[in-house]
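The points are grouped by topic, beginning with the term on which several of them rest.

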Amino acid sequence: MKLQPITPFLGIEVHDADLRKPVADDDFATLREALNQHSVLLFRDQTLSEAEHVAFSRRFGPLLTHVLAQFLKPGFPEIYVLSNVVDGGKPIGNHKEGWNWHSDLSYKAEPCLGSLLYAIETPPEGADTLFASMYAAFDALDDDTRDFIRPLRGVHSYSSYYGKAFADRTPLSSEQKAAVPDITHPLVRTHPETGRLSLYVGEDVVSGIEGMEGPEGQVLLARLNAHAVDSRFVYRHVWQPGDLLIWDNRSTMHRATPYDDVKYRRVMHRTTVAGDRPF
Ligand code: SIN
């Protein structure tokens, strides 16, 4: 394996790795460390079956299943399908998922450690994914802001996210809502493996700041969200079929971008690795 930085602030491309084969323990330790430090790993030209994608993902830890069960890959509940394709009148995956800045499953008490997104079919233009380094965003805050936000907690709400992102869809059922109650997390989280601090916000999923219910909470949140995704901290990934991208949800935010979904098909498979409670 050869590791090559993608940008100075985020991302490593891993060359000469065939993820269909088991990765040796020492190579895997190198990958884990690269993910901790650089937040995103890219492997191009992979040809993974669903079982191989799941098996490699499991090396990072236990996998989670998404609350929107209708978009799980039949036979592989660990794989959440993101797609605009409709087969026999039924969408094969969730369309327009993550078209806003977020960290996956941040609305859970124990959000996921990381996600592994595998590109099966990609449009020739559009549908890039943007990644922002929350390490870099935190480091670039002025001292006063850092001190002020250190004790604060954001309210992460899947209902709020779903209502904004999917306003044209059937509302969440009461069972789905009950599965994802609102939760608070620190605005500044400590990476459990590197000890580095990062900003922990989100565009639609963070509905407010605990104890700052008035407009000042919304103003601060908007300011932090805008700062977090400043172009200084952002990498744009242009997908090719066969790309596998892994990101550390403890030190990044990401968002998908639009494409011509009438003209083109997009099929992506995502697994998510269980994480722990942010502190
Ligand atoms: C996501 O996992 O949030 C979606 C990313 C993408 O579809 O590019």
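A residue is called buried when its relative accessible area is under 20%, exposed when that area is over 50%, and partly exposed in between. By this cut-off G61 is buried, because its relative accessibility is 17%. The model discussed here is predicted. Its salt bridges number 14, and several of them are described below.

**The loop around G61**

- G61 is placed in the loop that runs between helix 2 (50-58) and strand 4 (63-64).
- In sequence, G61 and L113 are separated by 52 residues, yet their C-alpha atoms are 8.6 Å apart in space.

- Side chains of opposite charge can pair when their charged atoms come close.
- E193 and R32 form a salt bridge in which the closest N and O atoms are 2.8 Å apart.
- E193 belongs to the loop between strand 13 (188-190) and strand 14, while R32 belongs to helix 1 (residues 25-38), so this pair ties together parts that lie 161 residues apart in sequence.
- The two partners fall into separate classes of accessibility: E193 is partly exposed because its relative accessibility is 41%, whereas R32 is buried, with a relative accessible area of 16%.
- D248 and R250 also meet through their side chains in a salt bridge, with an N to O distance of 2.9 Å.
- D248 is buried at 0% relative accessibility, and R250 is likewise buried, at 4%.
- Through salt bridges that share partners, R32, E193, D248 and R250 are joined into one network.

**The salt bridge between E121 and R265**

- E121 pairs with R265 in a salt bridge whose closest N and O atoms are 2.8 Å apart.
- This pair links distant parts of the chain, 144 residues apart: E121 is in strand 9 (residues 114-121), and R265 is in the loop between strand 18 (252-256) and strand 19 (267-273).
- Both residues are partly exposed, E121 with a relative accessible area of 28% and R265 with one of 45%.

**Strands 13 and 14**

- L197 is found in strand 14 (residues 197-199), and T190 is found in strand 13.
- Leaving aside residues up to four places away in sequence, L197 touches M134, Y135, F138, R150, V188, R189 and T190.
- T190 counts as buried because its relative accessibility is 19%.
- L197 and S251 are 54 residues apart in sequence, and the distance between their C-alpha atoms is 8.2 Å.

**Helix 5 and its packing**

- Helix 5 spans residues 158-165, and within this helix Y158, S160, Y161 and Y162 are buried.
- The buried residues of helix 5 pack against strand 11 (153-156) and strand 15 (206-209).

- D142 is partly exposed because its relative accessibility is 41%.

- Most residues other than glycine have a negative phi.
- D45 has a positive phi, near 60°, although this residue is not glycine.
- D45 lies in the loop between strand 3 (40-43) and helix 2, and is exposed, with a relative accessible area of 62%.
- L105, also a residue other than glycine, has a positive phi near 55°.
- L105 is located in the loop between strand 8 (90-91) and strand 9, where L105 is buried at 5% relative accessibility.

Key. Residues are numbered from 1 along each chain as its sequence is written. This is a predicted model: local features need pLDDT of at least 70, side-chain atom pairs count only at pLDDT 80 or more; totals for chains, interfaces and linings use all residues. Side-chain values use heavy atoms; hydrogens and water are left out. Buried means under 20% relative accessible area, exposed over 50%, partly exposed in between (1.4 Å probe, protein chains only). Helices (H or I, at least four residues) and strands (E, at least two) are DSSP runs, numbered from the N terminus. Contact means heavy atoms within 4.5 Å. A salt bridge is a side-chain nitrogen of Lys or Arg within 4 Å of a carboxyl oxygen of Asp or Glu.
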